[in-house]
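Student: I have a model open and some labels to check. Can we go through them together?

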Amino acid sequence: MKTIILAEDDADDREFFEEALKEISIETTLTTVKDGAELMTVLDENLNEPPPPHVIFLDLNMPRKNGIECLKEIRANPKHQKIPVVIFSTSAYPDAVENSYSLGANCYIRKPNSHQLLKQTIVTVLSLKFWEHNQQLPKADFLLSIT
């Protein structure tokens with residue numbers, strides 16, 4: 001059973017993700033949060049409930065605490081720093097990709113605009129097994145493109 005946290009402020013995007021997740025053949029549990037502050041609360045409240053999530057899909061543009069602020073906090077906290085973080089954003093501006101890489105995200109994905117591509121994206125991320133290797137994708141492959 002793979003545990004996933006999706007930090008996403010857009011309700012439609014959360015629903016789109018949940019629907020795609022239900023249609024893949026990998027057993028998962030999903031926790032959704034609406035902003036970065038809620039994400040950090042969920043992570044802190046679950047410190048004593050191992051195991052940590054297998055992966056966090058993290059939107060960059062969220063209210064109260066954005067994705068970059070969350071990524072910095074996650075990587076600075078020894079209890080959270082090994083949790084794989086996949087930046088999941090509508091944009092792929094070079095500065096955002098570079099900043100995410102330098103702050104220790106495992107990979108960066110531009111949100112797919114089709115249901116089928118989203119399912120492929122989720123399956124691809126879960127097949128990378130970041131939680132076993134705790135590695136970033138190489139810089140040349142960091143911006144993961146699913147076509």
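Predicted model: local features only at pLDDT ≥ 70, side-chain atom pairs only at ≥ 80, totals over all residues.

Student: Why is Ser-91 called buried?

Tutor: Buried means under 20% relative accessible area, exposed over 50%, partly exposed in between (1.4 Å probe, protein chains only). Ser-91 has 13%, so Ser-91 is buried.

Student: What does Ser-91 touch?

Tutor: Contact means heavy atoms within 4.5 Å. Leaving out residues up to four places away in sequence, Ser-91 touches Tyr-108 and Arg-110.

Student: Why is Arg-64 called exposed?

Tutor: Its relative accessibility is 65%, so Arg-64 counts as exposed. Arg-64 sits in the loop between strand E3 (55–58) and helix H3 (67–76). Helices (H or I, at least four residues) and strands (E, at least two) are DSSP runs, numbered from the N terminus.

Student: What makes the phi of Arg-64 worth a remark?

Tutor: Phi of Arg-64 is near 65°, a positive value in a residue other than glycine. Most residues other than glycine have a negative phi.

Student: How do you know that Glu-18 is partly exposed?

Tutor: The relative accessible area of Glu-18 is 32%, so the label is partly exposed. Glu-18 lies in helix H1 and touches Leu-30 and Thr-32, not counting residues up to four places away in sequence.

Student: And why is Glu-19 called partly exposed?

Tutor: Glu-19 has 35%, so Glu-19 is partly exposed. Glu-19 is in helix H1 (residues 11–22).

Definitions and conventions: Residues numbered from 1 in each chain as written. Heavy atoms only, no water.
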